[in-house]
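Subject: Structure handover

Hello,

Here is the structure for you to look through. Please open it first, then read my notes below.

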Amino acid sequence: MHRFIAVLAGLVFANAGQALAQQPAPSTSFADSLTMLATACGKDIDTNCAGVNLGNNRLKNCLSRNQATLTPACRDTYGKVFSLIDKRTRSRNALLKHCEADAKKLCAAAQKEDGATIECLLLAKRLGWRCSQAMSEANFR
């Protein structure tokens with residue numbers, strides 16, 4: 001189960017930068033979303049979608065194709081979880097857009113590493129209003 005969650009988390013973070021940002025919105029963390037998915041659908045994924053990764057909606061599509069055989073808990077949960085993951089991805093991308101100036105000013109070295117910019121911004125003492133607001137809306141603070 002832990003390996004499953006680790007693989008899912010890696011795929012989510014790898015694909016997070018590919019989604020388009022539309023509007024920032026409060027969101028659930030990737031880890032919390034994946035825990036919900038693993039709790040409700042772990043056995044269903046092992047049975048119906050073993051080896052299918054999360055990227056490019058492959059796991060979501062697999063669960064949709066096998067909807068008739070899923071447990072009621074998984075059937076009720078997986079759509080909500082993928083919606084939360086999508087929302088988190090949009091919030092994260094909006095955050096990076098709104099924090100671009102702060103990141104250049106405060107986190108120039110971190111911008112060379114994927115994911116390090118947000119960690120740097122979280123540690124920064126003074127952020128611009130838009131960036132600070134985007135951090136709150138994305139539940140990073």
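Angles under 35 degrees count as roughly parallel, over 145 as roughly antiparallel, 65 to 115 as roughly perpendicular, and the rest as oblique. This is a predicted model, where local features need pLDDT of at least 70, side-chain atom pairs count only at pLDDT 80 or more, and totals for chains, interfaces and linings use all residues. Residues are numbered from 1 along each chain as its sequence is written, and side-chain values use heavy atoms, with hydrogens and water left out.

Start with helix α4 (residues 72–98) and helix α6 (residues 116–123). Helices here are DSSP runs (H or I, at least four residues), numbered from the N terminus. The α4 and α6 axes come within 11 Å and cross at roughly 65°. Axes are lines fitted to C-alpha atoms over the stretch in contact, and angles run from 0 to 180 degrees between N-to-C directions. So α4 and α6 are roughly perpendicular to each other. Arg-92, Leu-95 and Leu-96 of α4 meet Thr-117, Ile-118 and Leu-121 of α6 (contact means heavy atoms within 4.5 Å).

Now helix α3 (residues 58–65). It packs with α4 at an angle of about 155°, with their axes 11 Å apart. α3 and α4 are therefore roughly antiparallel to each other. On the α3 side, Leu-59, Lys-60, Leu-63 and Ser-64 make the contact; on the α4 side, Cys-74, Tyr-78 and Phe-82 do.

Last, a side-chain detail. The charged end of Arg-88 sits over the ring of Phe-30, 5.9 Å from its centre (the cut-offs: NZ of Lys or CZ of Arg within 6 Å of the ring centre and within 35 degrees of the ring normal).

Best wishes

Definitions and conventions
Helix = DSSP H or I, 4+ residues; strand = E, 2+ residues; numbered from the N terminus.
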